[in-house]
Amino acid sequence: MAQARIKGVLSPVVTPFKADLSPDTSRFIAHCKWLVSQDCGLAVFGTNSEANSMAADERMALLDAVVGAGVDPVRMMPGTGACSLTETVKVTAHATKLGVSGVLMLPPFYYKGVSDEGLFRHFSEVVQRVGDSRLRIYLYHIPPVAQVPITHTLVERLLKAYPQQIAGMKDSSDDWPHTKSMIDAFAKEGFDVFSGNEKPLVENVTLGGAGCISATANINPGAIAETYRSVGKPQADALQKKINDVRAVMQGYVMIPAMKYVIAHYGADQAWNKVRPPLVEVSEEQGRDSIAKLEALGFTMPGLRQAMARAAE
């Protein structure tokens, strides 16, 4: 029986680091388990995971550890894209063999202005080299960062060539008309479009999208998941406003270190503040400011402190 497609709310899980900047496996597992307990899927090794500051072997070892700790790989969409074709294939094959629902794949982003033909060849090579019928690829469109877009023409060609393997997209353009255009063009073909943040979540799902993969799901997973479940119900718009208010606070800071500060605060675990260079921590003033603004909204992270305490045992 074919596995059901992953949908709903996913978090690009932030990666904790030890003092020597190596990944902190126990804290990572604890955070993943807490997110799942809040009805949130795991887009580990996304942008907010600092994945592009990590080696392929580090990502694969963390993925092995999370699955080995009992987290269901069906709840996962790990990021496997890299500039290197061979690295992309290596991590993608590894994740697929573990039974993940799909992989989130950046285009090779170092060279700018590349053609759709070049990008098609890259994704085609990945599909053929992995050679696994379970492979499901979610294309990662993030032009503000990668500066290499995933166009409608490329999606159309990939779907025609690999209708089973090309499963959907995360659209992090922060351009709702563009996201909607992808839903309108391809959702009826079974191409699942996730918004790159929760701001248009209700509208996304109402129009046939699959949900959202959002940075702030790291700190507000339960409320975002509740909003997803509320689509079509009277409370949906009010819930959407509440999660948008939390996101508006976090967008006032550099997102990755700011989220780590929030996790450190609500989890009572200052080790979470560590980031890998070239990122730097938020200042204590910024951190306290973010907490004050969140608390003014009645923000909480239920169960996080207990999850982090178990990780420290």
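These legends describe close-up views of a predicted model. Residues are numbered from 1 along each chain as its sequence is written, and side-chain values use heavy atoms, with hydrogens and water left out. Because the model is predicted, local features need pLDDT of at least 70 and side-chain atom pairs count only at pLDDT 80 or more, whereas totals for chains, interfaces and linings use all residues.

**View 1. Strands β4 and β5.** Strand β4 (residues 137-141) and strand β5 (residues 166-171) run parallel and are joined by 5 bridges. Tyr138 has Gly168 in β5 as its bridge partner.

**View 2. Helices α2 and α3.** Helix α2 (residues 56-68) packs with helix α3 (residues 85-97) at an angle of about 5°, and their axes are 10 Å apart; axes are lines fitted to C-alpha atoms, for helices over the stretch in contact, and angles run from 0 to 180 degrees between N-to-C directions. The two helices are therefore roughly parallel to each other, a term that covers angles under 35 degrees. The contact (heavy atoms within 4.5 Å) includes Met60 and Leu63 of α2 and Val91 and His94 of α3. By class, this contact has 5 nonpolar, 1 polar and 5 charged residues; Ala, Val, Leu, Ile, Met, Phe, Trp, Tyr, Cys and Pro count as nonpolar, Asp, Glu, Lys and Arg as charged, and the others, Gly among them, as polar.

**View 3. Val9 in strand β1.** Val9 is buried, with a relative accessible area of 4%, where buried means under 20% (1.4 Å probe, protein chains only). Leaving aside neighbours within four places in sequence, Val9 is in contact with residues including Cys40, Cys212, Ile224 and Tyr228. Leu201 is also in contact with Val9, although the two are 192 residues apart in sequence; in space they are 9.1 Å apart, C-alpha to C-alpha.

**View 4. Arg276 in the loop between α11 (255-266) and α12 (284-296).** Arg276 is buried, with a relative accessible area of 11%. A polar atom of the Arg276 side chain lies 2.7 Å from the backbone oxygen of Ser53. Leaving aside neighbours within four places in sequence, the contacts of Arg276 include Phe17, Leu21, Glu50 and Glu58.

Technical notes. Two strands pair if DSSP finds at least two bridges between them. Helices (H or I, at least four residues) and strands (E, at least two) are DSSP runs, numbered from the N terminus. Angles under 35 degrees count as roughly parallel, over 145 as roughly antiparallel, 65 to 115 as roughly perpendicular and the rest as oblique. Buried means under 20% relative accessible area, exposed over 50%, partly exposed in between (1.4 Å probe, protein chains only). A polar contact is a pair of N or O atoms within 3.5 Å; within protein, one must be able to donate a hydrogen and the other to accept it, and residues adjacent in sequence count only if both atoms are side-chain atoms.
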